[in-house]
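The structure comes first, and the description follows.

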Amino acid sequence: MLDDIWVDDSVFALRPDFAVLIVTAHGLRNGPTDDRSRAWLAAASELEVQADKIDAWKDAYRAFGAKPQRTRPSVDALTRRMPLPEINQVVDAYNSISVKHALPIGGEDLDHYHGTARLVRATGDEASEEALGQPEAGEVIWRDDTGVTCRRWNWRQVVRTRLTEETTNAIFLLERLEPLSLEELKEAGEELANLLSELSPQVRISSRLVSSGK
């Protein structure tokens with residue numbers, strides 16, 4: 001799927017500075033939170049919140065009509081949950097990187113996707129899980145051939161693609177707005193790859209950057 005993932009021009013029109021680093025990991029071994037992943041969370045929890053980067057996401061939410069104080073960008077919600085919650089080893093890994101760099105990261109089970117992932121402006125009639133609610137027209141959503149996979153850019157993902165301890169193949173979406181630089185985005189991707197490799201030495205990792213004009 002990696003080479004087929006795309007971002008609609010209407011999203012870049014909304015925020016030309018948007019870029020997403022897509023990381024796929026095949027052959028993962030996940031498991032419950034352990035001392036190693038707990039240490040990653042603890043280290044991230046001690047860092048100062050980078051409000052300027054989070055504020056950029058709040059502005060992006062307002063641009064498509066969302067109220068970020070009600071449906072918060074994922075990294076904003078995460079930094080308000082200190083100490084960081086323990087989920088499982090792989091989720092702990094990407095949550096710690098998300099907080100460290102103040103960028104939203106979505107992690108999903110690649111085997112539960114139907115067709116390719118794409119970031120689009122919603123029409124309002126997309127299929128969506130009941131608990132997530134129906135997207136509003138113009139809302140930025142991640143979706144596949146079945147329907148919504150994540151509402152309001154990175155606010156909340158569906159249960160269908162959630163990472164579990166049984167996940168072996170995963171996709172991670174590292175989403176960037178200025179003032180976070182493309183160089184730091186790449187650095188965050190490398191750090192995530194290193195943590196995943198520490199958890200699963202045989203994991204096969206690939207990545208691709210999608211940005212305006214590419």
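Glu136, Glu139, Arg151 and Arg152 are linked in a network of salt bridges, a salt bridge being a side-chain nitrogen of Lys or Arg within 4 Å of a carboxyl oxygen of Asp or Glu. The whole structure holds 16 salt bridges.

This is a predicted model, in which local features need pLDDT of at least 70, side-chain atom pairs count only at pLDDT 80 or more, and totals for chains, interfaces and linings use all residues. Residues are numbered from 1 along each chain as its sequence is written, and side-chain values use heavy atoms, with hydrogens and water left out.

Three further pairs are tabulated.

| Salt bridge | N to O distance |
|---|---|
| Aspartate 17 and arginine 15 | 2.8 Å |
| Glutamate 184 and lysine 53 | 3.0 Å |
| Aspartate 59 and arginine 62 | 2.9 Å |

Glutamate 184 lies in helix 6 and lysine 53 in helix 3, so this pair ties together parts that are 131 residues apart in sequence. Helices (H or I, at least four residues) and strands (E, at least two) are DSSP runs, numbered from the N terminus. Glutamate 184 is buried at 18% relative accessibility, and lysine 53 is buried at 9%; buried means under 20% relative accessible area, exposed over 50%, and partly exposed in between (1.4 Å probe, protein chains only). Aspartate 59 and arginine 62 both lie in helix 3, three residues apart. Aspartate 59 is partly exposed at 42%, as is arginine 62 at 48%.

The buried residues of helix 6 include Glu184, Leu185 and Ala188. Among the elements they pack against are helix 3 (51-63) and strand 9 (204-211), where contact means heavy atoms within 4.5 Å.
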